[in-house]
Amino acid sequence: MNMLKHCLFAMALACAVPAGGAEPGQSAPAFALEGPAGPVSLAAYPGKYIYLDFWASWCAPCKRSFPWMGELQKRYGEAGLQVVAVNVDATRADAERFLAQTPAAFVVAWDPTGSVAKQYKIKGMPSSVLIDPKGQVMHVHAGYNDSSARAIEQQIKLALKGER
């Protein structure tokens with residue numbers, strides 16, 4: 001059943017993508033979602049670089065990315081990075097079970113209808129968007145593995161140094 005949910009979600013995103021979205025150089029679409037610790041929005045982090053990650057409980061690479069994202073937050077939070085992970089599970093209980101097994105050391109938000117994922121043109125899990133302090137999309141990436149993690153972290157380091 002989880003694979004069926006995954007396929008249906010991917011098809012819904014592919015078919016329901018509005019114009020715009022998250023392209024480097026464009027403004028990041030604004031959103032306001034609820035999270036386990038309260039409201040979550042891009043506007044809540046003025047002056048910060050935001051690593052916006054879209055994830056789901058059924059996504060195996062997402063489970064592997066959570067410790068890495070926690071390390072990003074720990075290493076670069078004081079330098080101006082905020083990790084925000086948006087869950088797209090239709091059922092919050094699925095996401096909560098995932099978080100009980102794989103705790104998040106960063107901000108989490110719920111997007112049960114996938115509306116924010118659609119705004120960002122997300123087509124697979126996990127997908128991430130690096131946003132600069134002015135709200136502009138800097139980098140978009142789909143998937144997660146050790147090689148991509150190193151490349152993304154390099155992008156973040158350069159951005160925080162003002163070299164990107």
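**A helix and its surroundings**

The buried residues of helix H5 pack against strand E3 (49-55), helix H2 (60-76), strand E4 (81-87), strand E6 and strand E7 (137-142). Helices (H or I, at least four residues) and strands (E, at least two) are DSSP runs, numbered from the N terminus. A residue is called buried under 20% relative accessible area, exposed over 50%, and partly exposed in between (1.4 Å probe, protein chains only). The structure is a predicted model, in which local features need pLDDT of at least 70 and side-chain atom pairs count only at pLDDT 80 or more, while totals for chains, interfaces and linings use all residues. Residues are numbered from 1 along each chain as its sequence is written, and side-chain values use heavy atoms, with hydrogens and water left out.

The protein chain as a whole contains five helices and seven strands. Read from the N terminus on, its elements follow the order α-β-β-β-α-β-α-β-α-β-β-α. Of the 164 residues in the protein chain, 47% are buried. Where contacts (heavy atoms within 4.5 Å) join residues at least 6 apart in sequence, 73% of them link residues at least 24 apart.

Helix H5 covers residues 146-160, which makes 15 residues. From the first C-alpha of H5 to the last, the distance is 21 Å, close to the 21 Å expected at 1.5 Å a residue; the expected span is 1.5 Å times one less than the number of residues. Which residues of H5 are buried? They are Ser148, Ala149, Ile152, Glu153, Ile156 and Ala159. Because these residues cover an arc of only 135° around the axis, they lie on the same side of H5; the arc is that of the directions from the helix axis to the C-beta atoms. An α-helix has 3.6 residues a turn, so residues three or four places apart point the same way. The exposed residues Asp146 and Arg150 are carried on the face of H5 that is turned away from its buried side.

Both ends of H5 deserve a look. At the start of H5, a side-chain oxygen of Asn145 comes to within 3.0 Å of the backbone nitrogen of Ser147.

Glu153 lies in helix H5 and counts as buried because its relative accessibility is 12%. What does the side chain of Glu153 make a polar contact with? Its partner is the side chain of Tyr76, at 2.6 Å. A polar contact is a pair of N or O atoms within 3.5 Å; within protein, one must be able to donate a hydrogen and the other to accept it, and residues adjacent in sequence count only if both atoms are side-chain atoms. When residues up to four places away in sequence are not counted, Glu153 touches Trp68, Leu72, Arg75 and Tyr76.

Ser128 is classed as buried because its relative accessible area is 4%. The side chain of Ser128 is joined to that of Tyr51 by a polar contact of 3.1 Å. Leaving aside neighbours within four places in sequence, Ser128 is in contact with Tyr51, Leu52, Asp53, His139, Val140, His141 and Ile152.

The loop between helix H4 (115-119) and E6 holds Pro126. Met125 and Pro126 are joined by a cis peptide bond, with omega about -15°. Lys121 is also placed in the loop between H4 and E6. Although Lys121 is not a glycine, its phi is positive, about 60°. With a relative accessible area of 26%, Lys121 is partly exposed.

Another proline, Pro29, lies in the loop between helix H1 (2-15) and strand E1 (32-35). Pro29 is buried, since its relative accessible area is 13%. The C-alpha atoms of Pro29 and Leu42 are separated by 8.8 Å, and the two residues are 13 residues apart along the chain.

A further feature is a covalent link. A disulfide is a covalent bond between the sulfur atoms of two cysteines. Taking a disulfide as a pair of cysteine sulfur atoms within 2.5 Å, the count comes to one. This disulfide joins Cys59 to Cys62, with an S to S distance of 2.3 Å. The link of Cys59 and Cys62 is right-handed, with 85° about the S-S bond. Cys59 and Cys62 are both buried.
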